[in-house]
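The paragraphs below go through a set of helices, the loops between them and some single residues. Please keep the sequence and the coordinates open while reading.

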Amino acid sequence: MSRKKKLLLNTIAGIFKQLITVVCGFVLPRYMLLYYGSSVNGLISSITNFLSFISLLDMGVGSVIQANLYKPLANKNKEQISLIVKSSQKFFRRLSYIFIGYIIVLCFVFPSMVEYDFAYTVSLIVIISISTFAQYLLGMTYQLLLNADQKSYIQLSLSIVTIILNTIFAIALMKMGASVHIVKLVTAFIFILRPLGQMLYVNKHYKIDSKIKYVDEPIKQKWNGFSQHLASVICQNIDVVVLTMFSTLKNVSIYSVYYIITSGVEQIVMTAATGLEALFGNMIANGEKKKLLKVFSVVEWIVHTGVTFIFTIAMITIVPFITIYTKGITDANYIEPLFGTLLVIAYGAECLRVPYFRVIKAAGHFKETQNGAFISAGLNVVITVILVFKLGLIGVALGTLIAMIYHTIYFVLYLSNNILYRPVYIFLKYLITDLVVIMISYMLTKGFMLCNESYLAWVILAIKVAIVVFLVTLIVNVIIYKKQMINMLSFFKRK
């Protein structure tokens with residue numbers, strides 16, 4: 001199978017997986033709110049975010065491992081592949097033990113931050129942590145191998161199955177009157193199926209020598225990837241931590257509802273771009289510099305155009321959706337227009353970095369770019385903590401927005417100066433174009449109203465907004481980026 005076909009298959013699987021995730025992500029919290037209330041929903045969101053700090057075990061070292069796999073996979077070097085897999089398994093096994101220690105500490109510290117009793121909270125922490133632990137102990141190395149070999153569609157397909165099963169079982173249990181602990185316990189065991197499926201596939205299709213031994217560490221810059229992703233995880237989760245410590249669980253619940261949408265849209269972009277890193281990595285491993293630059297130019301235009309289109313629609317329609325989504329829930333005020341707008345823009349800024357960061361990761365430049373990650377995390381923490389007391393949710397969103405903008409600009413500058421050697425004004429031109437599309441679209445749609453509070457009415461509104469944003473995007477890009485549009489068409493037409 002060609003690289004282009006693999007990229008297409010990975011992209012389709014990624015988009016479909018994320019659409020399923022978004023739909024199920026909307027449905028389940030709604031049932032959580034109805035059956036257990038905003039405070040329990042906020043508690044679950046807070047626990048999940050505290051546990052997600054351990055996801056630094058994932059793509060931090062994972063990105064480094066994946067970058068080290070590109071060349072041996074391209075050269076079909078089975079011995080080197082086995083060495084990297086063996087080292088990766090050893091590393092994740094050790095980090096899984098750290099995870100257990102983290103859970104124990106969390107069980108003693110976290111209950112003092114919330115109003116629920118110790119046993120109730122601790123049992124929920126342990127249950128939610130089961131699937132996360134299994135993922136790192138059993139499946140992470142195999143997932144990275146599949147991603148590096150441009151076979152992300154395998155693990156994405158397994159994810160789709162587990163997400164659907166989880167939604168069906170969770171809703172059924174809630175309707176039967178099951179406690180939140182039972183619902184989350186069933187969820188935990190369902191999500192274990194994905195790493196097991198990955199393990200079975202890799203054992204069948206790859207000849208990994210499990211008995212191989214190494215003297216020299218086959219994975220370089222392991223800890224640089226770890227530290228860089230730690231900074232990224234802080235940026236992703238500091239908002240909920242700050243709200244949990246200095247605000248209320250109701251504000252955590254409000255944040256989590258808006259985050260479902262912004263994160264869902266963000267993950268559509270991120271998952272659609274799953275195959276890009278492996279594609280870039282394969283080109284770098286084969287020394288195809290001219291082809292890399294040409295493909296990158298096409299991808300850059302697609303990302304800027306697509307991200308602006310999707311996030312502009314999200315920015316305009318997020319509050320109308322929240323109005324319908326939280327209808328009948330009166331224990332908290334979920335209508336926060338400015339907060340919603342800032343959060344959407346923040347995650348839109350993060351998505352714009354996709355083509356730049358993917359090339360940097362594919363080239364293995366982890367140590368060289370870790371300072372930018374630390375500065376971004378520091379900005380997020382300091383600004384969020386300072387502003388949360390006076391501005392609440394809006395202060396939290398501003399901290400995230402400033403950190404995201406800084407980090408995106410940092411990657412653009414680094415890529416231009418150290419890898420692709422492209423002038424920075426290309427990015428600035430794209431950025432101005434993005435802002436023009438957003439402003440014109442907003443002006444043309446600000447008079448659109450939600451006729452009645454129903455999902456059908458919102459769908460009609462979203463379609464109207466999407467048509468306007470699409471036409472604005474098309475006209476602006478035909479005027480400014482006609483050449484890039486032609487290059488994109490020729491790229492996908494070539495075999």
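Which residue with a positive phi follows H5? Glycine 177 does, and its phi is near 90 degrees. The model is predicted, so local features need pLDDT of at least 70 and side-chain atom pairs count only at pLDDT 80 or more, while totals for chains, interfaces and linings use all residues. Residues are numbered from 1 along each chain as its sequence is written, and side-chain values use heavy atoms, with hydrogens and water left out.

Helix H5 covers residues 152–175. Helices here are DSSP runs of H or I with at least four residues, numbered from the N terminus. H5 has 24 residues and reaches 35 Å from its first C-alpha to its last, close to the 34 Å expected at 1.5 Å a residue; the expected span is 1.5 Å times one less than the number of residues. Serine 159 is in H5 and counts as buried because its relative accessibility is 6%. Buried means under 20% relative accessible area, exposed over 50%, and partly exposed in between, with a 1.4 Å probe and protein chains only. Leaving aside neighbours within four places in sequence, serine 159 is in contact with Lys17 and Arg194, where contact means heavy atoms within 4.5 Å.

Two loop residues have a positive phi without being glycines. Glutamine 150, with a phi of about 60 degrees, lies in the loop between helix H4 (118–148) and H5. Lysine 76, with a phi of about 55 degrees, is in the loop between helix H2 (59–75) and helix H3 (78–109). Glutamine 150 is buried, with a relative accessible area of 5%, whereas lysine 76 is exposed, at 69%.

The next topic is the packing of helices. Two packed helices are described by the angle between their axes and the distance between the axes. The axes are lines fitted to C-alpha atoms, for helices over the stretch in contact, and the angles run from 0 to 180 degrees between N-to-C directions. Helix H14 (residues 370–391) and helix H15 (residues 393–418) pack at an angle of about 160 degrees, with their axes 7 Å apart. H14 and H15 are therefore roughly antiparallel to each other. Angles over 145 degrees count as roughly antiparallel, under 35 as roughly parallel, 65 to 115 as roughly perpendicular and the rest as oblique. H14 passes H15 in a right-handed crossing; a crossing is right-handed if the near helix is turned clockwise from the far one by less than a right angle, and left-handed if anticlockwise. Residues making this contact include Ile375, Leu379, Ile383 and Leu387 of H14 and Leu398, Ile402 and Tyr406 of H15. By class, the contact of H14 with H15 has 15 nonpolar, eight polar and no charged residues. Ala, Val, Leu, Ile, Met, Phe, Trp, Tyr, Cys and Pro count as nonpolar, Asp, Glu, Lys and Arg as charged, and the others, Gly among them, as polar.

Valine 242 is found in helix H8 (residues 222–246) and is buried, with a relative accessible area of 2%. Beyond its neighbours within four places in sequence, valine 242 is in contact with Ser247, Thr384, Val385 and Val388.

With helix H13 (residues 354–362), H12 makes an angle of about 45 degrees, and the axes are 5 Å apart. That makes H12 oblique to H13. Glu350, Cys351 and Leu352 of H12 meet Val354, Pro355 and Tyr356 of H13, a contact with five nonpolar, no polar and one charged residues. The axes of helix H9 (residues 249–272) and H12 come within 10 Å and cross at roughly 25 degrees. That makes H9 roughly parallel to H12, and the crossing is right-handed. Among the residues that meet are Tyr255, Tyr259 and Glu266 in H9 and Leu343, Tyr347 and Glu350 in H12. The contact of H9 with H12 divides into ten nonpolar, two polar and two charged residues.

Glutamate 350 leads on to H15. Threonine 408, in helix H15, is 58 residues from glutamate 350 in sequence and 6.4 Å from it in space, C-alpha to C-alpha. Threonine 408 is buried, with a relative accessible area of 4%. Its contacts, neighbours within four places in sequence aside, are Ala349, Glu350, Leu352, Arg353 and Phe427.
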